[in-house]
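Subject: Structure handover

Hello,

Here is the structure I promised to pass on. Please open it and keep it beside this note as you read.

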Amino acid sequence: RSPSRGLGDVYKRQSLRCQMEALRLLAQADFGVAMALINTHNVADQVSRLATPEVRGRILPGLLAGLEAGCTAITEIQTGSDVAAIQTRAIPNATGWQIDGTKAWVINAQHATKFIVYAQTSPQEGTGGIAAFLIESDQAGFSRRDDCPDPGICLLYTSDAADEEDS
């Protein structure tokens with residue numbers, strides 16, 4: 001029997017029903033913590049499945065150890081949760097992608113260091129042109145509103161933020 005790699009390893013071996021019960025109990029005690037955990041898990045899951053080995057090695061340790069938080073940025077002020085109508089654009093450049101737009105109502109945004117930002121790469125393709133980009137909070141061109149009206153939910157701004165080709 002191989003040694004456990006921590007609580008995450010134990011959690012993954014449980015049935016979905018058991019996992020859902022654990023999250024329900026956590027949410028009963030502190031819904032914000034439960035949502036932060038779920039959002040960070042979702043970012044880590046996408047990175048583990050879709051990123052290059054180099055990006056996985058750089059991003060996952062902090063997320064999995066609970067030292068960093070992640071979030072998903074889809075919604076926008078003008079379009080709400082209508083994903084097909086998002087206005088944030090991603091334009092290819094020499095080093096990867098330039099991402100321009102504003103996201104709103106992003107859970108975990110106030111504390112997150114890793115963001116999966118959804119942007120339109122090809123408006124003529126409709127939803128087929130929407131792609132997910134990994135943005136880190138210390139990247140040039142990224143900012144967030146400092147005076148978030150609700151804890152953990154705030155506006156994100158990407159102006160010339162770049163997603164490297166290998167992420």
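This is a predicted model: local features need pLDDT of at least 70, side-chain atom pairs count only at pLDDT 80 or more; totals for chains, interfaces and linings use all residues.

**Salt bridges overall**

How many salt bridges does a search of the whole structure find? It finds 7. Here is the general idea: side chains of opposite charge can pair when their charged atoms come close. Glu54, Arg58, Glu68, Lys114 and Glu136 are linked in a network of salt bridges.

Start with helix H4, which covers residues 53–64. Glu54 and Arg58 both sit there, 4 residues apart. That spacing is about one turn of the helix. Their side chains form a salt bridge, at 3.1 Å from N to O.

**Around Lys114**

Now go to Lys114. It has a salt bridge to Glu68, and the closest N and O atoms are 3.0 Å apart. This pair links distant parts of the chain. Lys114 is in strand S4 (residues 114–120), while Glu68 is in the loop between H4 and strand S1 (70–73). They are 46 residues apart. Glu68 counts as partly exposed, at 24% relative accessibility. Lys114 has a relative accessible area of 6%, so it counts as buried, the cut-off being under 20%.

Lys114 also forms a salt bridge with Glu136. Here the closest N and O atoms are 3.1 Å apart. Again, the pair links distant parts of the chain: Glu136 lies in strand S5 (residues 130–136) and Lys114 in strand S4, 22 residues apart. Both Glu136 and Lys114 are buried.

**A buried lysine: Lys103**

Last, look at strand S3, residues 96–107, where Lys103 lies. Lys103 has a relative accessible area of 2%, so this residue is buried too. What does the side chain of Lys103 make a polar contact with? One partner is the side chain of Glu76, at 2.9 Å. The backbone oxygen of Tyr118 is there as well, 2.8 Å from a polar atom of the Lys103 side chain.

**Where to begin**

I would start with Lys114, which has salt bridges to Glu68 and Glu136. Then turn to Lys103 and find Glu76 and Tyr118.

Best wishes

Notes
Residues are numbered from 1 along each chain as its sequence is written. Side-chain values use heavy atoms; hydrogens and water are left out. Helices (H or I, at least four residues) and strands (E, at least two) are DSSP runs, numbered from the N terminus. Buried means under 20% relative accessible area, exposed over 50%, partly exposed in between (1.4 Å probe, protein chains only). A polar contact is a pair of N or O atoms within 3.5 Å; within protein, one must be able to donate a hydrogen and the other to accept it, and residues adjacent in sequence count only if both atoms are side-chain atoms. A salt bridge is a side-chain nitrogen of Lys or Arg within 4 Å of a carboxyl oxygen of Asp or Glu.
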